[in-house]
Amino acid sequence: MYRLILASIIIIAVSACQDNSQTAGIADSKKIVTELSCGATPHGENEQQLRYKTSSVSHNNVCEEEVQSRTCNDGIFNERSGTFQFESCSVDTVTNFFSCGLIAHNENEQRISYQLLNVTGDQVCEEETQIRTCNDGSFDEWSGTFKNETCSFFTEITIDSFEYQGGFRFSGEVFGDSNYTNLSYAPGVIAYNPTNHSLFIVGHSREQAIAEFAIPEIVNSQNMADFKVQENIIQGFVDFHETGRVDTGIDQRFRITGLALIEGKLIANYMDWYDASGSETDTTVVFQDANNLSTSKIIGPFEFEGAMHAAGWITPIPLEWQQSLGGRYVSGFSAGAILSRLSVGPSAFVLTDVDSLINAKHGTVIKSGVLLDFNYPQNILYDKTVYGEGSINQDDILYNKDLQNDLWTRNSGASHGFIVPGSNTYVTLGYSGGHESGLGYKITQNDGNLCGGPCPFIAAERYNYIWLWHVSDLLKVKQGLMEPHDVRPYEYGKFDTPINAELRGASYDADSGLLYVSLKDGDTTALYSRPPLFYVYKIN
């Protein structure tokens with residue numbers, strides 16, 4: 001019995017020992033592991049430092065810096081972000097700074113600038129003294145706000161500025177195989193050639209051929225019989241319409257509307273005189289050699305942007321206005337039938353790229369910017385001081401039914417336009433009628449004449465006319481400050497010519513200050529021939 005009890009005690013002791021061992025293992029597995037910090041930066045937190053790209057920079061540069069960070073991971077920092085390596089950066093100090101040409105470092109340069117590029121009338125050239133400082137080889141910005149280096153004062157041309165010098169004639173004889181190679185009943189379109197002191201001129205309206213005549217001596221007389229007659233011709237009549245040299249696209253009613261000599265090339269603008277549908281778009285061809293019209297290559301046709309509002313005269317813009325207006329030449333046209341396709345008042349379009357004109361290819365559209373234009377019906381040229389700013393009856397105004405319209409009627413037309421150098425004036429010349437008695441349509445006039453269209457009730461009420469415009473107003477149109485149909489001439493009225501034949505052509509020579517005008521069918525010295533008559537004016 002004793003032995004049995006002892007065995008039981010031994011078994012119980014062993015079991016108890018095994019239970020205690022298992023309990024101790026469980027307690028050890030629940031112990032918390034504590035990660036180490038990195039100095040003052042706890043585990044898992046970031047440390048930031050400033051580093052520099054270089055240890056030093058020159059005196060006129062700035063130290064380039066970068067904020068970098070690294071993370072503490074159980075007592076050890078990870079790799080730092082960024083690429084800059086230097087803990088400090090110093091700026092070198094020197095005493096030798098670079099100059100700006102003749103202007104030393106930290107010294108000032110002065111200039112005078114002007115508020116306006118051009119002034120007229122009572123305006124003055126307001127100036128501003130501006131400075132800029134040299135800063136180690138480079139200038140700071142100019143002080144002040146004025147931007148123009150120069151300021152020009154432009155005069156204002158008046159109707160009285162045109163001084164009659166006399167006139168001359170061209171022969172009305174036939175110069176060629178055709179009966180129409182002459183100037184009889186010619187439309188009168190001309191262009192001055194300073195090299196030959198001559199005029200390119202369009203011949204008989206049937207063929208519209210172009211010739212070149214030397215200008216004879218100018219005789220100061222009111223009597224055309226006293227004028228010298230030029231019998232010699234420099235270039236004989238050369239036609240191009242319906243010849244196979246170029247296809248103008250017009251079968252009938254072909255009419256040349258303007259000639260221009262530019263860089264040795266002769267530009268000819270034209271129209272279908274009675275294009276009721278408005279379908280004709282081609283307006284222009286170019287003779288590549290103005291000295292040899294008969295053999296010259298002709299390029300075209302192509303189209304002026306603005307069509308028959310623009311494709312007439314082409315005249316140079318004076319140098320002082322070219323930059324502000326945005327081109328070297330101005331064009332326009334305001335005559336003919338079918339008002340819906342015309343400017344009902346003198347027009348002006350700036351040619352933005354003359355090279356595209358003289359070197360254009362067939363089908364090209366010649367880009368231009370509108371400066372002056374009057375569309376039918378509501379935006380025609382009329383006197384707003386008489387008829388107001390609101391809605392108008394355009395036909396009542398154009399036919400002058402109230403006899404108050406002295407500006408532009410149904411019988412008005414502008415044949416030529418140009419800017420006078422050194423002035424603020426855009427001159428437009430042409431003809432008008434019916435300002436005193438009014439106009440009617442296909443009426444019998446007081447002399448018994450039955451009109452084929454609009455005409456004055458009194459037959460003698462036809463006269464040559466002039467409209468003068470401020471170029472500064474055209475500039476406002478370009479700047480978006482005015483609409484092209486809101487501009488009005490500052491002076492207008494009858495243009496004094498010894499006879500009242502219609503002024504259908506003109507050309508201005510800026511070097512001599514002489515204006516040549518051509519009056520259609522004006523030379524009546526011969527029994528049957530009716531060449532244009534030429535008058536000359538000096539612009540004072």
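**Aromatic rings and their partners**

Guide: In this predicted model, the charged end of Arg 132 lies over the ring of Phe 139, at 3.9 Å from the ring centre.

Visitor: What makes the charged end of Arg 255 count as sitting over the ring of Trp 273?

Guide: The charged end of Arg 255 is 4.2 Å from the centre of the Trp 273 ring, and the distance criterion is within 6 Å of the ring centre.

Visitor: How many aromatic pairs does the structure hold?

Guide: There are 24 aromatic pairs.

Visitor: Why is the pair of Phe 168 and Tyr 516 called edge-to-face?

Guide: The ring planes of Phe 168 and Tyr 516 stand at 65 degrees and the centres are 6.3 Å apart. Pairing requires centres within 6.5 Å, and planes over 60 degrees apart count as edge-to-face; the pair is therefore edge-to-face. Phe 168 belongs to strand S11 and Tyr 516 to strand S33, 348 residues apart.

Visitor: How do you know whether Phe 168 is buried or exposed?

Guide: Buried means under 20% relative accessible area. Phe 168 has 0% relative accessibility, so Phe 168 counts as buried. Tyr 516, at 1%, is likewise buried.

Visitor: Why is the pair of Trp 408 and Trp 467 called tilted?

Guide: The planes of Trp 408 and Trp 467 are at 50 degrees, with centres 5.1 Å apart. Stacked needs under 30 degrees and edge-to-face over 60, so this pair is tilted. Trp 408 lies in the loop between helix H5 and strand S26, whereas Trp 467 lies in strand S30.

Visitor: Which residues form one aromatic cluster with Phe 168?

Guide: The cluster includes Phe 170, Phe 175, Tyr 192 and Tyr 516.

Technical notes:
Residues numbered from 1 in each chain as written. Predicted model: local features only at pLDDT ≥ 70, side-chain atom pairs only at ≥ 80, totals over all residues. Heavy atoms only, no water. Phe/Tyr/Trp six-rings, centres within 6.5 Å; stacked < 30°, edge-to-face > 60°. Helix = DSSP H or I, 4+ residues; strand = E, 2+ residues; numbered from the N terminus. Buried < 20%, exposed > 50% of the residue type's maximum accessible area, 1.4 Å probe, protein only. Lys NZ or Arg CZ within 6 Å of the ring centre and 35° of its normal.
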